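Student: I've got a new model open and want a quick walk through it. Can you take my questions as they come?

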Amino acid sequence: MKHYIPFFSLFTFIVLTSQMCYATHIRAGQITAVRDPNNLSTPTYIFTLTLYRDACPTCAEQPNATIIVVPISNGQRLSPIANLNDSLNLPKRVVGYETEELTYTFTYTFPSQGSYVIYFQEQFRNAEIVNMSNSVLTPFYVETVLNIIPSIGSNSTPQLRNPPVDNAEVGQKFTHNPAAFDPDGDSLSYKMIIPRQSVTLTVANYRSPETVAPPLGIPEAGAGAPTFVLNPLNGDITWDAPGAYGIGSKGYAEYNIAFVVEEWRKTAAGYIKIGEIVRDMQITVRDQPNKRPELIIPKDTCIIAGTVLKAIIRATDPDKNQSIRISSESAIFSTSTALFPHQPAATLDPPNHPPKVRDQYQYQGNPAQSNFEWKTVCQQVRAQPYDVVFKAEDNAPVPNQLTDTKTWRITVVGPPVTGLKPIVEANAIRLSWDPYTCSGATQLLIWRKQGCSPDQIDPCAKSVPAGYTLVGRVTATSTSFLDQTVKKGIQYAYRVSAAFTGTSGGAGILSDQVCARLKLTVPIITHVSVSKTDLAQGQIKVRWAQPLEINAAEIPGPYRYQVFRATGFSTSFGSTPVFTSDLQTSIPDTTSYLSFTDSGLNTEVNPYTYVVVLLSSNGARADSSQPASSVRLSATPLPNAIQLKWTAQVPWDNTNSTHIVYREDQTKKNQVPKAYVKLAEVPVSSAASFTYIDTGNGIKLNKDSLYCYYVETVGTYNERLLEDPLINASQELCSTPLDTVKPCAVVLAIDPTPCAQWASEEGSSSPSFCSVSTYSNHLSWVYPQTEGDKECDQDLSHYRIYYKRYEEDTEFTLIDSVWSPVQVYNHINLTSFAGCYYVTVVDRSGNESAPSNIVCQDNCPYYALPNVITPTLPDHQNDLFKPYPCPRFVESVKFSVYNRWGRKVYETNESIYINWSGRIGSGENTLPEIVSSGVYYYLAEVKFIRLKRKDEIVKIKGWIQVF
């Protein structure tokens, strides 16, 4: 039997074969950039284009390559400004099964600061990539974006140390990481994109690997849909699990993906993006009887610069006869000061060879382990962690080796400041410490909190423990700091840390805590507690400790105290005291307290703030306390609940304690005075947590009931000489839960128009018909008592009236509201009756009901034309052709007159009254000539004002006898 090949099939085969033989067969690649260290005075960069392609006898050589430089302005890519050509920088080398690596370098000085795209485009990828159509004829494209901003300093793009070609196995989870390292310490993020084929085009008909069929894979652990994810923080790629092998002639499947590595730098204004790299990579999927190994690495960690980090990296393989080799990619292994300038480098034993000699990694047994060690130095401190990518690879026959990849993130922090000591001065606390010797630090930060409670320091924490605030900055060479913002009566805890504010940033861990306080030489307010809530007769109790540690030689007694008050949280106290104490002959040896009850206050509306002034023996003002306010309680209604919030501006510490909420006893409701029971104990940490939501606590909160509360704060000075705890009450406050139940819908009616009355009267001359110039629609409605099987809420506020002009319109407009119990509405001053309405009802909580039934009103249009005109008779009757009096609801008229041969003799659209005098012409442009007597025919296109647009146009045909 003979077989014939059609001519077009043979032609296609020849063309594709030719292209495959001479194409570039590109699998993967990217462009990276580093600042030229020999030309730092100019924006000169060295670009490296790395390509991965098929290694085959028929593949054409690629001795040189070209990259294009394009400026970006206002987000738009402009015309290219440079074509950079270079030959192979390094000899091509084999990096995997039938895969070779090609490296080209280019040096370029940018003309100015700004944003630039540097891209590479080649005509052909390798053949039979299964998740894109006709890959051999699909161009390959990668790019790098650089933002050259002199104000942020020198910059190099991330370096990707793990090759973008990897193997996967059907049904087994695949992992990969590009091992990106930024030599400037910038923050990196990752995101997937569709592979590109040009500056403006993505690859046509591209599919994400987990969606390609047949057959689809399933997760390694069991049933379910396959997943393909990229970790945006560390760049881990996980495909769980591949399927679709053996497509095409290769017996295995090749997939391409692309992702962006974005580079962010922290500035005073926040993080800004300073560059990005597009990597296009290839994953080869096979189906072989081999199981992948599994890595066991440490959890992400922190290490103090100057110490040694040691760890054991382990790997196992389900195939017991498989040996394993462990390798790692990270800049911290580099001995090149260009890539990793802050030596010493980390080590991995068995030895971790450079990626250029990857095959020299040592195979071990199963299980396998390698010893990691890194002796860190201060120059390695930075804000971003160092990513260390480990890979375990089995020794299955080529090309069936499988791997497991995991990333370990190591953050290097500066050591703590040592020797911290406090020195108490008259009105300040001075701190001193040992010189900080870790080079690279630029500042020392002083942190303070009220109280001296212990707390745990986590070297990996991104923030200081709760309660600490930054109170000062000094240079890294300073050894002291004077805190002049402290208050008497309060104990303070201090810590100091180092800041590394260069390009890489970074911080030192906090020092040990030290505590100190100023002497108690002033009155110390301990209580500002509301004892009565009233609009005019409210009361607040103010209590204070006498200055136990006052120096009587400097400020002699006897002493008096004056109390000053301000409304609200203000500190404008005025000059007149609200209380002056009796003469105190001396300060007792132990802490003693004085108190005063302030009356005649509006505690229902206002909080109040107080200060206590100490007067010496001669009546002079010696010193004063810190201001302290009453506790202010507020309430917010919620659905079936009430949210309480409270605040107080006081010198003592109300945080990290438990506050008490009281509610009126419901069994004794409306008792005078009110009876309260403890509702809740609320743990608080900061002022933002001074809140509690009452959802009932054993009762159902009724939207029609009033619930009353007050709160007791529990605070402390953390001072052994002062009483503890300090309990202060807020004002009483009443509220109701938020009513979220909508009222029932009303039943709406509209009065009929007088059209029937007008129609029954005699013709268009009826006075009632002709005299109306404006119209009104009268609406009325009924609000039901029940709706279905539920009772309707009768706590109503007002009704809302909605209107639309045409029945077919979808949107109604709110035109007015009427207060309940009114249930009628006149829509007046209308030019017509036409329109539709619905009504809703709103209750006193603001809930709006569903719309009522819709009612609509139409007009009763009227337009009638006569049959005779006598334009030349001396009686001047019927001189004009016009409609009968009182046309109604007519918007416009187009009018034409024709003679009996069909010739148009007159037309107008200027007035609904037409007013044709029998003359020939058009509207006002008529001739003196009058048509001859006879019968003429007219066509009037009348546009009425109607409820429906389709009813508006009516064509009237008739005849006119002209005498």
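Student: Good. What does Gly-414 touch, leaving out residues up to four places away in sequence?
Tutor: Gly-414 touches Ile-304, Val-381, Tyr-436, Phe-500, Ala-507, Gly-508 and Ile-509.

Student: Before I go on, what are the ground rules here?
Tutor: This is a predicted model, so local features need pLDDT of at least 70, side-chain atom pairs count only at pLDDT 80 or more, and totals for chains, interfaces and linings use all residues. Residues are numbered from 1 along each chain as its sequence is written, and side-chain values use heavy atoms, with hydrogens and water left out.

Student: Back to Gly-414. Is it buried or exposed?
Tutor: Buried, with a relative accessible area of 0%. Buried means under 20% relative accessible area, exposed over 50%, and partly exposed in between (1.4 Å probe, protein chains only).

Student: Where does Gly-414 sit in the fold?
Tutor: In the loop between strand E26 (403–413) and strand E27 (421–424). Helices (H or I, at least four residues) and strands (E, at least two) are DSSP runs, numbered from the N terminus.

Student: Zoom out. How many helices and strands does the protein have?
Tutor: Three helices and 65 strands.

Student: And what is the radius of gyration?
Tutor: The protein has 44 Å, whereas a compact globule of 963 residues would have a value near 30 Å. That radius is taken over C-alpha atoms, and the globule rule is 2.2 Å times the number of residues to the power 0.38. Along its principal axes, the C-alpha trace spans about 125 × 125 × 60 Å.

Student: What share of the residues is buried?
Tutor: Of the 963 residues, 49% count as buried.

Student: Charges next. How many side chains are positive and how many negative?
Tutor: There are 80 positive and 89 negative side chains, and the centres of the two sets lie 2 Å apart. Lys and Arg count as positive, Asp and Glu as negative; His and the chain ends are not counted. Each charge is placed at NZ of Lys, CZ of Arg, CG of Asp or CD of Glu.

Student: Now disulfides. How many does the structure hold?
Tutor: Seven. A disulfide here is a pair of cysteine sulfur atoms within 2.5 Å. One of them joins Cys-302 to Cys-460, with S to S at 2.2 Å.

Student: Which parts does that pair tie together?
Tutor: Cys-302 lies in strand E19 (residues 301–304) and Cys-460 in the loop between strand E29 (443–450) and strand E30 (469–475), so the pair ties together parts 158 residues apart in sequence. Cys-302 is buried at 17% relative accessible area, while Cys-460 is partly exposed at 33%.

Student: Give me another pair.
Tutor: Cys-378 and Cys-438, with sulfur atoms 1.8 Å apart. The link is left-handed, with -125° about the S-S bond. Cys-378 sits in the loop between strand E24 (368–375) and strand E25 (386–394), and Cys-438 in the loop between strand E28 (429–432) and E29, 60 residues apart. Cys-378 is buried at 16%, and Cys-438 is buried at 5%.

Student: And the pair at Cys-755?
Tutor: Cys-755 and Cys-860 form a disulfide with sulfur atoms 1.9 Å apart. This link is left-handed at -80° about the S-S bond. Cys-755 and Cys-860 are both buried.

Student: Switching to backbone geometry. What should I look for?
Tutor: Most residues other than glycine have a negative phi, and most peptide bonds are trans. A cis peptide bond joins Asp-349 and Pro-350, with omega about 10°. The bond from Gly-557 to Pro-558 is also cis, with omega near 0°.

Student: Which phi values are positive?
Tutor: Asn-829, not a glycine, has a positive phi of about 55°. Asn-829 is found in strand E56 (residues 824–830) and is exposed at 62% relative accessibility. Asn-878 also has a positive phi, near 55°.

Methods. Contact = heavy atoms within 4.5 Å.
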